[in-house]
Amino acid sequence: MNKRTFLKLSTTILSTPFLSPLSSFAQKPPLKNWAGNFTYSTTNISYPNSVEEIKTLVKKGGKLKMLGSRHCFNRIADSKVQLISTKNLNKIISINSKASTVTIEGGMNYGQLCPLLQEKGFALHNLASLPHISVAGAITTATHGSGVKNGNLSTAVEALELMNADGDLVTLSKSKDPKKFYGAVVGLGAMGVITKVTLALQPAFEMRQRVFLRLPVVALKDHFDEIMSSGYSVSLFIDWQTEFVNEVWIKSRMDDKANDAVKPDFFGARAATHNVHPIVENSPENCTEQMGVAGHWYERLPHFKMGFTPSSGVELQSEYFIPRKDGYAAMMAVMKLGKLIGPHLFISEIRTIAADNFWMSPCHGQDSVTVHFTWKQEWDAVIKLLPLIEKALEPFGARPHWGKINTIPASRLKYLYPKMEEFKTLAAGFDPRGKFRNEFLEEHLYTV
């Protein structure tokens, strides 16, 4: 990303248009993302209540973008002309108990879906840190969750219904049309409006999570895989300032006897004696229950409860996917930048995600480790740090999270995603005139 793009993006992200007392009557208040760091380029947003209403909007012509739960930190869902939110389309269409699948409307979020699945005795295989995010937004950006054997949230998709640029509904199925399916599910908003999703289910299960404090970083050198495999889902929280991992969160299934023993210590870390927050100074009241207390799968897999503001709230986020075999080496590369990173960081999180087949997924073809950064909203400092971090992670082929801030240029992304040209060809079939393309897609996919 060049200097001009930096300045343009920073102006968009950190500025809020001034409204005088007179103009406030004529203009809608600016539309921002969840964290408040990004101001969308238009306030022209529609909230359709049916697929027919979506069709009317799509067929009007002109560029438009779909808006999920607004948890992205960049311009991936931005439009200068028209935004469509499907948040009112948030119902379960059907549950197929025989096939163990659920079909939902495109605007449903995980916080709405999961309790309803639990009532029917079902669960999803994985969840992200936040239950607040929309299903469609999560799968189209390959948002992930954690676990050495767990694929990201898009790997639960069995079928997808999209509305293309002509207003026609197209159904893609893993079993009937795998090539288009694996190209379109992680679609970055380029294919059209997601109107319906079918997800694979499994029987509901109970979980608990334990937290260990001050894990010596040196323990990861010889035990990285063992530590990251010590539960169904494992997260390391680190601030890069000491020779310790601040916190280790281990989420285990109650039916997993291999990880059932209560441990007073963990590779040199000590067991927490009370609930904690990933950001040490924050209250743990908005975090999911710890201390080994059993609960439903959807009450333990996320880090944060549905009814609370997660994490810091006022923040920026970046994240990079590295082959799992290079996880420890990548951490050591970042550790060398710790003194530069520390003053501007809330916390970093290290997670694992299993490989998948989706063309534009950062986990395509590789078991992955993510290095995630939750930054203070200090844009000028962060945008200068990211190229340093990306250079340190470049030897490991680091791929960025599509919904978070990075400065990796399109020429590098093309190298990191060998299916990119096939993806663009597929997208052109759904959207031959570029109705769903925006500045983000132009910059990251079409400028090479």
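Me: Which residue is the bridge partner of Met 207 in E13?

Reply: Two strands pair if DSSP finds at least two bridges between them. Strands (E, at least two residues) and helices (H or I, at least four) are DSSP runs, numbered from the N terminus. Here, Met 207 has Arg 253 as its bridge partner in E13. E11 and strand E13 (residues 244–253) pair in the antiparallel sense over 9 bridges. Bear in mind that this is a predicted model, where local features need pLDDT of at least 70, side-chain atom pairs count only at pLDDT 80 or more, and totals for chains, interfaces and linings use all residues. Residues are numbered from 1 along each chain as its sequence is written, and side-chain values use heavy atoms, with hydrogens and water left out.

Me: How many residues of strand E11 are buried?

Reply: Buried means under 20% relative accessible area, exposed over 50%, and partly exposed in between (1.4 Å probe, protein chains only). Strand E11 (residues 206–216) is mostly covered, with 9 of its 11 residues buried.

Me: In what order do the strands of the open sheet run?

Reply: As a general idea, side chains in a regular strand alternate between the two faces of the sheet. In this open sheet of 5 strands, the order is E4-E5-E9-E7-E8, with antiparallel pairing. Strand E4 (92–96) and strand E8 (169–173) are the edges, each pairing on one side only. Inside the order, strand E5 (residues 101–105) and strand E9 (residues 193–200) pair antiparallel over 5 bridges, and Thr 101 stands opposite Ala 200 in E9.

Me: Now the rings. How many aromatic pairs are there?

Reply: Rings of Phe, Tyr and Trp (its six-membered ring) pair if their centres lie within 6.5 Å; planes under 30 degrees apart count as stacked, over 60 as edge-to-face and the rest as tilted. There are 15 aromatic pairs. Take Phe 373 and Trp 375: the ring centres are 5.2 Å apart and the planes sit at 10°, so this pair is stacked. Phe 373 is buried at a relative accessible area of 0%, and Trp 375 counts as buried at 0% too. For Trp 402 and Tyr 417, the centres are 5.2 Å apart and the planes are at 40°, so that pair is tilted. Trp 402 and Tyr 417 are both buried. Ring pairs also link Phe 205, Tyr 232, Trp 297 and Tyr 298 into a cluster.

Me: And which arginine lies over the face of Tyr 417?

Reply: A charge sits over a ring if NZ of Lys or CZ of Arg is within 6 Å of the ring centre and within 35 degrees of the ring normal. Arg 399 lies over Tyr 417, at 5.4 Å from the ring centre. Arg 437 lies over the face of Tyr 446, at 3.6 Å.
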